[in-house]
Structures are given as structure tokens and as C-alpha cells.
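Thanks, everyone. Let me put the model up, and then we'll go through it piece by piece.

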Amino acid sequence: MVKFFQYIKGVARIEIAGEKIERFVNMCSYNQIPIWNIHPREDRYSFNIFAKDVKKLKPILRKTGTRLTIKEKSGLPFLVIAYRHRKLLFAGILSCILLIYAFSLHLWTIDVEGNISRSDEVIEHYLAELNIKPGIRMQSIHCQTIVAKLRTEFPDIVWVSASINGTKLLIQIKENDTAGSIISTDTDQEPCDLVAQKDGVILSMITRAGTPQVKVGDSVQKGQLLVSSYVEIKNDAKEVIGYEYQRADADILAETIIPYHESIETTYKEKEVENKSLTPYLIWNDYRITFLPEKAAKKNSQILTKEYCLISNMEHLTRLIFGMKVKENYKTRTEKHSKMEIQEILSSKFSLFCTDLSKKGVQITANSVKIHIDTASASADGSLTVIEPIAEIHAAERKIVEERLDESNGSNH
Amino acid sequence: MEHSPQSNMKKKLSQAASLPKDVICHAPIVTIVGKEEMTLENYRGIIEYTDNLIRIQTKTGQIKIIGSTLNIEYYNNDEMKIIGRITCLEYL
């Protein structure tokens, strides 16, 4: 900090020679002229002094009979004097300072934090409707109003904070994580049955709600009722007097068979690149500058594009992208897969299929997939025996206790 | 160095009233940090200054600093700072 002030004020390195050098130093101190870094060298001293104080030394020099030599000048005042003829340079520096000041009066970035279900775009779009977007003046932003309007617009947001940090508007959000599940449970109160979504044999069954209609070991068919939503209400004579409906809930695992078929051609087309042409370009916001003329695409050609983002911190307004478009012309020739290659391709596809099943919670117990290779095509066919959840939710139909109603009507007569 | 009756009086007064001597008697304040740094207050001026010797006039007498590569980092009306290899400090 001291060095910065010294640079602003300007510092001169001075050497004085004469008989009464000590007196000169004492007089500087007496006249409140700060000097520092005093080095003695034979019959002369050298020291630093502020540029504005150099003129004050004249009477002291005369009184002490010493001679002054300026050895070095540094700092802003000297720089200004050296470049005083370069008016455009100073105009540039001044305009740069003014531009920075002018830009700092505007909002440039909106940062949204803590949002999970509401995306940044949704919130930014709403803010844009309120005329809060990059480029507006900072004075026109009222954080309290933004907070209040966000709370009104998005009821699932339980806490919002809006603050201005430099030229950035920071919106911090806390969403109500439980609100969604509460709403969904309210809508899921309709009675539902569980039915089989495919054919299979029941291996395990844990019923939490509803009346089981099948048992372990039963073969079921697609669409068959597994757990019904109603529970019968019986009187002392074991007669059904009504039904209570609920949402059937159960974990039902069944052994099912999944068919598998995958086929590929034994031949493929190999691309052989003949020549390449490179077209560099720049994208500045919506403007695109291409440095070389682009050639029209031919039949057998492919275009590869690589882009490097050079500036992107001004999210919505400024982005500078450097890109390179490589156009490759190629010839095609037909090649044939070897037997080993075909086996590898089909095996990897089958492994991928099995991995996908495992991710879904399906357990594979057996598979009978075999590879058949013909001259034109090759295929992997067979079936997999798996254990998987089989239950599927199905809207329940309400039952009416007709017999009981008929009986009661008869007794009244 | 013999003390004048006035300075003796001031000394006694500062002792009796528990006042700092640097204020009443204008005694120099010498602060030495290690062997290579020294600050001095309450002085009148420099009498002699070379690489190996600095003689400073104070109200109560002279201070002689002997050493090597002695430099005055700053020098103003209130305080001065000396850096370099200090080997000896004498009150004359």
C-alpha cells in the first residue's frame, strides 16, 4: 500500500554532495520533508524523496552549500510528463475507466442457487417477465419486490433470498421437498387393484394393503388380478354386507420369460478419407465470422466441428466461441465382419441388454440365447428366464352388494 | 556527562509524579530489534553518518551507533529507523 501511494505521488532518487550533508538531512527533517532509504557513499548521500518536495529543497541547498543530482525518477507524475504528448493514450485510459464505471452500474449476471424442481431457465424467464434481466440498471432492482413476487409465483418455494453482489444478482432458493409427495399421495387415494403385467409364475408375495387373489406357485397371465383393492365386510352370519376400498399395495416377484432377438448384417461400409478442408470461424453472440470460404457439401462427405468457448462468464449477453469446421470427403468400400467380430458384437449387445435389465432390478436366472451366422446376416435369438416385479396398478371397479339390497327389500313387503 | 540542576529537577519531578521521562526530560527512546534494526525517537539531528558509524544528537547528549552497512530507512522529525549490522551503542 505504501508503495502504491509512493507510485501515485511520484518518487525521485536524489544524490547530494558537499561539506554539510548531515545539516542538509537535518534541515529536511526540520522542514517536514520526508526522506527515506538514506545511503551514505563516500562524501555524498543518496535518498528518496517525493516528487513534489524536490522544489522545496532549493533554499536548503543554498544554505548548506550542497549540490543535488537527480539519479532516478519513478511514479505516475513522471509518467504523465513523459507521455504528455500522447493524448489518445490518456483518452483511452480515461474512456476505459469511464466504461468500467458505466458497466458497473448495470446488472450482468443472474445466478440462481438451491433450485431443484424449478430450473434456472424457468426462474430467469419469470424474472425477465418482471423486467429483471442482464443489462438493466442496478438502481431499478428492488430485492424485496423480487423475493415477494417469486414467493407468490412459485408456492413450492418456501424461502427466497435476493442479493446483489457486484454486478451479479444472486437468487438463493429453498424448495419444499415434501410438498410434492404430499400432493401425490392425496391424488393417489383412489382405490386401485394390482394386476399382472405379463405371464409368469409367482415366486414371492408380500401384501401390505388389499386382498390377495393369487398365491405363491400360481401361474398367472397378463392382466390377471393379483391383489384386489376391496376388503369384504361381513356380518355375524358371514354374509358380505359391504366393501371397503383401498389402494392395493404389494411386492410380487414372478418368474417370467423374456424373448431376445438381435441381428446385424455381416457386411459394413468402411469410410476412407480422401481429403480434408478446414474452415475456422468465430461466433460473437449471434454474429458469425468465417475466415475462409465454405465449400458446399458433396454426397460422400462428413463435417466435424470443434468449438472452444473463449468468453462465457457474461452468461446471456456475451459469448465468444472459436470453432473449426473440418470437412472430410471420403470413399466407401464394403467390408465383411469375421466370425469372431460378429460374436463379439452380438455378445456385447447381449451384455448391454442384461446390464439394462439388472439396473431395472430384474434378476436373470437362466438364458438360452444362441448365435446364428448366415452369409448376409447374423442374429442372436433365444429367451431369458428372469425374476422381476410383475404387479401393475389398475383402476378398481366398485362392487355393489346387490343380494343384500334385494333381501332387505323383500323383508319390508 | 554532568546533569544541570534543571534536568535533575525534571528527573525528580518525573519520578515523583510517575510521568514518562521521554516527555519530561526529553530522553531519547531507543528500540533495538535483534542486531539489525533500530528505531530512535526524541532526537535533534544527525551529526555524523557513514557506513560504519552514526552519531545522533539528542537533548540529553549524543548517541553513537557503530556497525557495518548502516542505512537510515526513514528519517523525519519524530522518528528514524536504522538498519544494518549493529555492533555497539554508546551514550556520550
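Start with I373 of chain A. I373(A) faces A378(A), which sits in β22(A). This is a predicted model, so treat what follows as computed. The two strands here are β21, residues 370-373, and β22, residues 377-389, both of chain A, and four bridges join them. They run antiparallel. Between β21(A) and β22(A) there are three residues, and the two strands form a hairpin.

Let me step back to the whole chain. Chain A carries ten helices and 23 strands. It has 413 residues, and 15% of them count as buried. Now take the contacts in chain A between residues at least 6 apart in sequence. Of those, 66% join residues at least 24 apart.

Next, an antiparallel sheet. What is the order of the four strands in this open sheet of chain A? The order is β17-β16-β19-β18, and the pairing is antiparallel. The edges are β17 (287-290) and β18 (301-311) of chain A. Each has a single partner strand, so one side of each is left without a neighbour in the sheet. From one strand to the next, the twist averages 35°. Look at β18(A) against β19(A), residues 320-336. Ten bridges join this antiparallel pair. Within it, Q302(A) has E328(A) of β19(A) as its bridge partner.

Now the other sheet I want to show. It is open, with three strands of chain A in the order β5-β7-β6. Here the pairing is mixed. β5(A) and β6(A), the latter residues 157-165, stand at the edges. Again each has a single partner strand, so one side of each has no neighbour in the sheet. Ignoring direction, neighbouring strands are turned by 15° against each other on average. β5(A) and β7(A), residues 168-175, run parallel, with five bridges between them.

Zoom in on V112(A). It lies in β5(A), residues 109-113. Is V112(A) buried or partly exposed? Count the other C-beta atoms within 10 Å: V112(A) has 18. Buried takes 20 or more, and exposed means 12 or fewer. So V112(A) is partly exposed.

What does V112(A) touch, once neighbours within four places in sequence are set aside? The contacts are D120(A), I123(A), E124(A), I171(A) and I173(A). Take E124(A). V112(A) and E124(A) are twelve residues apart in sequence, and their C-alpha atoms are 8.2 Å apart in space. Over this region comes helix α6 of chain A, residues 120-129. α6(A) lies across β5(A) and β7(A), and runs at about 130° to β5(A).

On to helix packing. Two packed helices are described by the angle between their axes and the distance between the axes. For α2(A) and α3(A), residues 57-64, the angle is about 145° and the axes are 10 Å apart. The crossing of α2(A) past α3(A) is right-handed. From α2(A), the contact uses R23(A), F24(A), M27(A) and C28(A). From α3(A), it uses I60(A), K63(A) and T64(A). By class, that contact has four nonpolar residues, one polar and two charged.

Now the interface. Twelve residues of chain A are in contact with 14 residues of chain B. On the chain A side, two elements give two or more residues: α2 (21-30) and β2 (35-41). β2(A) gives the most, with six residues. The chain A side divides into six nonpolar, five polar and one charged. β2(A) and β5(B), residues 62-75, run antiparallel and are joined by three bridges. One to find on screen: I35(A) has Y75(B) as its bridge partner in β5(B).

Last topic, the cores. The largest nonpolar core has 31 residues. Which of them touch the most other members? They are V25(A), I35(A), I38(A), I54(B), I65(B) and I82(B). The element that gives the most to this core is β5(B), with five residues. As for I82(B), beyond its neighbours within four places in sequence, it is in contact with M38(B), I54(B), I65(B), L70(B) and I72(B).

Key:
Residues are numbered from 1 along each chain as its sequence is written. Chains are lettered from A and ligands numbered from 1 in the order in which they are written. This is a predicted model: local features need pLDDT of at least 70, side-chain atom pairs count only at pLDDT 80 or more; totals for chains, interfaces and linings use all residues. Two residues are in contact if their C-beta atoms, placed from the backbone, lie within 7 Å. Ala, Val, Leu, Ile, Met, Phe, Trp, Tyr, Cys and Pro count as nonpolar, Asp, Glu, Lys and Arg as charged, and the others, Gly among them, as polar. Two strands pair if DSSP finds at least two bridges between them. Axes are lines fitted to C-alpha atoms, for helices over the stretch in contact, and angles run from 0 to 180 degrees between N-to-C directions. A crossing is left-handed if the near helix is turned anticlockwise from the far one by less than a right angle, and right-handed if clockwise. A nonpolar core is a set of buried Ala, Val, Leu, Ile, Met, Phe, Trp, Tyr and Cys residues joined through C-beta atoms within 7 Å.
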